[in-house]
Amino acid sequence: MRSIIVSAIKLLYRYMYKHYFVMLFVFLLMIMIVTVCEVFISCTLNKNKKNSNKALLIQNREFHQFEVMKNGKFFNSVIVHSNILKKHWYFNKSSQEINMYNYTVSQNEILSKILIKYSSNGIDASEITLLLQQYPALRQIKMGQILSWIIITKKKLQCLVWDIFPQEIRVYNRMDASFTEGIIKFVNQLNDGLSPSILFIGKLSGTFIDSARSLGIEENCIMDITNALQYQLDFHKLHQGDKFSVLISIMMNDDHSIKSTLLGARLYTAGKDYYVFRANNGKLYDREAVRLGSNFIRFPTLKPFRVSSNFNLNRLNPVTGQVSPHSGVDFAVPIGTPVVSVGDGEVIVSAYSKIAGNYVAIRHNCHCITRYMHLKKLLVKPGQRVKLGDSIALSGNTGRSTGPHLHFEIWINHRPVNPLTTTLLNIEKLSGPERTIYLNQVKEILSQLRFD
């Protein structure tokens, strides 16, 4: 029995000895195959990281919207946070170097270390220094707060979103060599008690539209503001640093889509506030319940005068006797009668010509210009801002004229229109109980359209 065991051991030894190198080779080969697979998978993931991390971050945000849609202010916070990131992603989706990051602050952490540690592709330390110098409040981040940031090219910080749960979000956007701060607050529900409202507070960095977008304000609300105020100010001539505040309501539709509605807006530029408010009829009005978008008066004088010559593009000129379009309306006014602007705008011409005599041209928006001719005295200068009803001149009999009168023209999209029939000059005002209800709503919203 002993000899059999010894023989078996010798046989096993010879077998293992012969196949030892083969087994070792197979073992090493398996290790190499596993290593190559891991490297391949890692490279594949890294290659798609720049695109997938953007989509995943936004998809996760949208998923959480539905998970917390009954959770009041946090629900609002998620919506706004997601919109901000979406806007920046869409702005820069053609870039190969856009990276988004999302992080929840732990205890005793500071912003600079978080940005440096978790920005996988790196970040320029001078960016963090500049941001903290401009806004020292960022040194006050606390455990549980959410940070999101976007790095686009050359390790430059494009946007930082600081979610000060649950009342406020602050957004820091790059503007050339500095950053601007936007504040988003979740305010109390209004009288309807149904739709929570969000207040956006920002400063112009670039155009108004881009500045509003950078805070996550929805496109329909931005267009409501620009369409309502286009007759009162030129959005192309706003100044960097001009302030704005926008109050919107949000509602979850049955299909889980989000509906944003503009409630009120305030834009401060050149020392003046411009306001927009939504009435119960869905239309937009100013503080005095006058419909916005058509804020003009019909006549360029304080009281109506007799029309001495109508708008007629085929009229015979009384001086030359030839067919010559009469692109406006003549009013038989005595010399020295005050002439007023029919709407808010900017004086683009205040000069003399042989045909028009002393005349004034006012641009009310990018579509509408009014002209006032044969004046005795000019009271405004080019570049001057005027408001509806401001005196701009005294009527006269200068230039090519057969007698004292005021020639008045309206041009829409570079074409003359009849000042007496165009619907542009119709004014719509709220009255009666509807006006009382509206003014009470304005009072409530006005107190929330602050800049602090």
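# Helix faces, salt bridges and cores in a predicted model

Student: What covers the buried residues of α4?

Tutor: The cover includes β1 (99-104), α5 (125-134), β2 (146-151) and β3 (157-164). The model is a predicted one. The covered residues of helix α4 (residues 111-118) are Leu-111, Ile-114 and Leu-115.

Student: How do you know that the length of helix α8 agrees with what it should span?

Tutor: Helix α8 covers residues 432-446, which is 15 residues. The expected span is 1.5 Å times one less than the number of residues, and for α8 that gives 21 Å. The end C-alpha atoms are 21 Å apart, so the two values agree.

Student: Why is the contact of Arg-170 and Glu-181 called a salt bridge?

Tutor: The cut-off is a side-chain nitrogen of Lys or Arg within 4 Å of a carboxyl oxygen of Asp or Glu. For Arg-170 and Glu-181 the N to O distance is 3.7 Å, so the pair qualifies under the 4 Å limit. Arg-170 belongs to strand β4 (residues 168-175) and Glu-181 to strand β5 (residues 178-187), so the bridge ties together parts that are eleven residues apart in sequence.

Student: What makes Glu-181 partly exposed?

Tutor: Its relative accessibility is 24%. Buried would need a value under 20% and exposed one over 50%, so Glu-181 counts as partly exposed.

Student: What salt bridge does Glu-219 form?

Tutor: Glu-219 pairs with Arg-213, and the closest N and O atoms are 2.8 Å apart. Arg-213 also meets Asp-210 in a salt bridge, at 3.5 Å from N to O. Arg-213 and Asp-210 are both in helix α6 (residues 208-214), three residues apart, or about one turn of the helix. Relative accessible area is 24% for Arg-213 and 29% for Glu-219, while Asp-210 has 36%.

Student: How many salt bridges does the structure hold?

Tutor: Twelve. Separately, a network of salt bridges links Asp-124, Glu-127, Lys-156 and Arg-174.

Student: Where is Asn-413 placed?

Tutor: In the loop between β19 (406-412) and β20 (415-417). Asn-413 also has a positive phi, about 50°, although it is not a glycine. With a relative accessible area of 45%, Asn-413 is partly exposed.

Student: Which residues of the largest nonpolar core touch the most other members?

Tutor: Phe-200, Phe-208, Ile-217, Val-246 and Leu-262, in a core of 39 residues. Helix α7 (residues 219-229) gives the largest share of this core, five residues. Leaving out residues up to four places away in sequence, Val-246 touches Ile-198, Leu-199, Phe-200, Ile-217, Ile-225, Leu-262, Gly-264, Ala-265 and Leu-449. A second, separate core has 22 residues, among them Leu-132, Leu-138, Leu-160 and Ile-164.

Student: How many of the chain's residues count as buried, as a percentage?

Tutor: Of 452 residues, 44%. The chain has eight helices and 20 strands.

Terms used
Residues numbered from 1 in each chain as written. Predicted model: local features only at pLDDT ≥ 70, side-chain atom pairs only at ≥ 80, totals over all residues. Heavy atoms only, no water. Helix = DSSP H or I, 4+ residues; strand = E, 2+ residues; numbered from the N terminus. Buried < 20%, exposed > 50% of the residue type's maximum accessible area, 1.4 Å probe, protein only. Core = buried A, V, L, I, M, F, W, Y, C linked by side-chain atoms within 4.5 Å. Contact = heavy atoms within 4.5 Å.
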